[in-house]
Amino acid sequence: IPICVVMTKVDVCTTTIVQKAVDQVKHVLQTPGCNKNPILIETETEVIRTASTFKQESVTPIFVVSSVTGHNLDLLYSFLNLVPAVSSAVEQEKLEQEPLEFQIDETFFVSGTGTVVGGKVVRGAVRLGDKGQIGPHDNGTFSPITIGSVHRNRSPCRLARAGQAATLALLNQDRSDI
């Protein structure tokens, strides 16, 4: 997942403190769990180079800015304007036509509803009553599921499309099987 880091309020810190904070952020981003390539953005050239490779590579730009003095805000604005859209309308429509893939980020049990999974629709679309499979389980198998409800932003809805976060109630599914 592409991310960028914006460190603010640098006008109230010494250069040494700002550099120490930047070094700590770089260290975290380079750990095995993140595997990012952090780049401190200080020039317009770095903005252009980073924005053009932002989606394809694990590049993570770091902006050190001040809203009071305006320090490096121009670089941040340029970057946000240059970063290409995640997908075009045509690409989005193609993703929605593919078979459903839902990335589960969390599971929980809701009294009166049952097992609920939260996550992101990676491709396809999911509707109330849809049937699908969940897995793979530890033994490599998949289990059949039926969608009991779809919620987005804590509100019930009929449909969640590729790229959208949602929670899905799974009918007759034990949480321990997920």
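User: Which residues make up the largest nonpolar core?
Analyst: This is a predicted model, and its largest nonpolar core has 12 residues. They are Phe102, Val117, Val121, Val126, Ile134, Ile145, Ile147, Val150, Ala160, Ala166, Leu168 and Leu170.

User: Which strands each supply at least two residues of this core?
Analyst: β5 (114–123), β8 (143–152) and β11 (165–170) each do that. Another core, of 10 residues, lies apart from the largest one. Phe54, Val65, Leu73 and Leu75 are among its members.

User: Let's zoom in on Val117. What is Val117 in contact with, leaving aside neighbours within four places in sequence?
Analyst: With that exclusion, Val117 touches Phe102, Ile104, Glu106, Thr107, Ala166, Thr167, Leu168, Leu170 and Ile178.

User: OK, on to strand pairing. How many bridges join β5 to β11?
Analyst: There are 6 bridges, and β5 and β11 run antiparallel. As one example, Thr115 has Leu170 in β11 as its bridge partner.

User: And β8 with β11, parallel or antiparallel?
Analyst: Antiparallel, over 4 bridges. Within β11, Leu170 is the residue opposite Ile147, and Ala169 is the bridge partner of Ser149.

User: What about β7 and β8, how many bridges there?
Analyst: Strand β7 (residues 131–134) is joined to β8 by 4 bridges, and these two run antiparallel. Ile134 sits opposite Ser143 in β8.

User: Tell me about Ser143 then. What does Ser143 contact beyond its neighbours within four places in sequence?
Analyst: Ser143, which belongs to strand β8, is in contact with Gly132, Gln133, Ile134 and His137 once those neighbours are set aside. Ser143 and Gln173 are 30 residues apart in sequence, with their C-alpha atoms 9.1 Å apart in space.

User: Where's the hairpin, and which turn residue has a positive phi?
Analyst: The hairpin is formed by β8 and β9, with 2 residues between them. Asn153 in the turn has a positive phi of about 50°. β8 and strand β9 (residues 155–157) pair in the antiparallel sense over 3 bridges, and Arg152 has Ser155 in β9 as its bridge partner.

User: Nice. Now helices: how many residues does α1 have, and how far does α1 reach?
Analyst: Helix α1 (residues 15–29) has 15 residues and spans 21 Å from first C-alpha to last, close to the 21 Å expected at 1.5 Å a residue.

User: Which residues of α1 are buried?
Analyst: Val18, Val22 and Leu29. Those buried residues fall within an arc of 35° when viewed down the helix axis, so they line one face of α1. Thr16, Lys20 and His27 are exposed on the other side.

User: What covers the buried residues of α1?
Analyst: The cover includes β1 (5–7), β2 (37–40) and β3 (59–64).

User: Which residues are buried in α2?
Analyst: In helix α2 (residues 44–53), the buried ones are Glu46, Val47, Thr50 and Ala51. They take up an arc of only 125° around the axis, so they are on the same side of α2. Covering them are elements including β2, β3 and α3 (73–82).

User: Last topic, cysteines. How many disulfides are there?
Analyst: The count is 0 disulfides. Cys4 is in none, and the nearest cysteine sulfur, in Cys34, is 14 Å away.

Definitions and conventions. Residues are numbered from 1 along each chain as its sequence is written. This is a predicted model: local features need pLDDT of at least 70, side-chain atom pairs count only at pLDDT 80 or more; totals for chains, interfaces and linings use all residues. Side-chain values use heavy atoms; hydrogens and water are left out. A nonpolar core is a set of buried Ala, Val, Leu, Ile, Met, Phe, Trp, Tyr and Cys residues joined through side-chain atoms within 4.5 Å. Buried means under 20% relative accessible area, exposed over 50%, partly exposed in between (1.4 Å probe, protein chains only). Contact means heavy atoms within 4.5 Å. A disulfide is a pair of cysteine sulfur atoms within 2.5 Å. Two strands pair if DSSP finds at least two bridges between them. The expected span of a helix is 1.5 Å times one less than its number of residues. The arc is that of the directions from the helix axis to the C-beta atoms.
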